[in-house]
Amino acid sequence: NEIYLQGLGGTFPPCSTDAVKLEESAREILEPGPFWYVAGSAGSGATARANREAFDRWRLVPRMLTGATERDLSTTVLGTPVPAPVLLAPVGVQSIVHEGAEPAAARAAASVGLPYVMSTASSTSIEDVAEASGAGPRWFQLYWPTDNDVCASILARAKAAGFTTLVVTLDTWTLAWRPNDLDHAYLPFIKGEGLGVPLSDPVFRGLLEQTPELDPPTAILRWISMITGTDSTWDRLPFLREHWDGPIVLKGIQHSDDARRAVDAGMDGIVVSNHGGRQVDGAVASLDVLPEIVAAVGGRLEVLFDSGIRTGADIVKALALGAKAVLVGRPWVYGLAHAGEEGVRHVLRSLLADLDLTMGLSGHRTLSDLTPASLRHS
Ligand code: FNR
């Protein structure tokens with residue numbers, strides 16, 4: 001209604017309300033390197049396509065006269081109260097798409113009450129993102145450093161800055177084969193000169209300052225090796241538990257045995273995710289493994305979901321298949337590219353409105369009304 005009414009007064013949305021069109025117009029405003037870094041995926045793009053196709057195979061079966069004219073989508077995700085079970089997926093180096101970068105996205109998230117999940121690879125420091133997020137809910141995503149001291153230092157800073165939940169990304173201990181980035185010889189971390197590179201981590205900055213003879217590309221490659229835990233195995237998880245007293249979530253789970261291992265390791269949650277198809281080309285669609293993973297954990301931890309969410313109906317489907325909440329990646333990054341904080345807010349509010357309408361029109365009043373019976377596989 002707000003959009004229709006503003007249209008009468010000659011004011012139109014800052015960017016499209018449709019995720020496909022958002023991507024198309026982002027292509028027009030961004031340089032090829034940054035655009036393809038965001039839009040691209042691993043290898044042939046088979047996993048990214050599979051993520052979308054999986055949603056198409058599930059259909060909602062709307063019910064009538066259920067009293068769903070008033071909805072309540074609020075819930076709690078790992079102890080964080082939310083107006084709807086949607087989070088901003090961690091996305092690094094946002095300064096490549098807009099100068100407002102992470103603080104703009106964090107402010108937009110806070111203004112609609114959705115949790116902002118800050119990436120370790122952010123172009124803004126932990127403390128500055130926290131300040132922008134203000135009273136908004138915020139979680140911290142860890143790229144797990146090989147060095148325990150570096151890891152403990154990052155965790156301590158995140159905790160001190162008010163990040164409540166730790167999301168440990170397991171699927172990106174090295175970057176995948178990404179032809180779009182290779183063709184443009186574009187790695188966003190290697191942008192700009194000297195300390196202008198879009199990475200804010202003080203350990204990295206200290207490294208650059210202490211070794212000025214180190215040219216930025218070499219320093220950045222060293223930073224990447226510092227923050228990616230190439231030698232991590234399940235037996236390293238207790239270290240994280242010792243250094244983080246809030247909920248811990250493992251991101252990048254795609255196999256039910258790994259989900260069970262997460263339960264055994266005492267984790268609080270997992271994100272069923274294939275990183276938006278950006279890591280393993282030819283991997284199974286994230287939605288296709290969700291039901292078996294939900295069954296495997298049997299309610300012993302919270303199952304979150306991402307990879308391919310573009311519409312309200314997509315969210316409804318993931319929730320009906322057992323996800324407690326979803327994370328959304330690329331769409332709001334395009335909103336950021338178009339109009340900074342306002343663009344992110346527009347994309348988030350559009351998605352929430354679409355979710356709310358789809359819930360109501362399909363006859364679901366609350367989240368607990370959603371079950372696999374709400375869907376048909378076709
Ligand atoms: C990501 N993603 C990601 N994940 C993570 O754990 N840490 C990170 O720094 C990043 N960075 C990042 C950058 C960009 C440009 C994209 C598009 C994605 C993955 C992200 O959290 C999420 O898993 C996917 O984006 C979900 O898929 P959709 O919603 O983009 O299809």
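Strand β8, spanning residues 248–253, is mostly covered, with 6 of its 6 residues buried. The model is a predicted one, and burial here comes down to a count: a residue is buried if 20 or more other C-beta atoms lie within 10 Å of its own.

β8 has a partner in strand β7 (residues 166–169), and the two run parallel, joined by 4 bridges.

Now to helix α3, which covers residues 32–39 and has Pro 34, Phe 35, Tyr 37 and Val 38 buried. Looking down the axis of α3, these buried residues fall within an arc of 160 degrees, so they line one face of the helix. As for what sits over them, the cover includes α2 (19–29), α8 (179–183) and α15 (330–361).

Helix α3 turns up again around the ligand: α3 and α15 are the elements that give two or more residues to the shell. That shell is made up of 22 residues, the closest being Ala 89, Gly 92, Ser 119, Gly 276 and Gly 329. Sorted by class, the shell holds 9 nonpolar, 10 polar and 3 charged residues.

Note on methods: Residues numbered from 1 in each chain as written. Predicted model: local features only at pLDDT ≥ 70, side-chain atom pairs only at ≥ 80, totals over all residues. Buried ≥ 20, exposed ≤ 12 C-beta atoms within 10 Å, placed from the backbone. Arc of directions from axis to C-beta. Contact = placed C-beta atoms within 7 Å. Near = placed C-beta within 6 Å. Nonpolar A, V, L, I, M, F, W, Y, C, P; charged D, E, K, R; others polar. Pairing = 2+ DSSP bridges.
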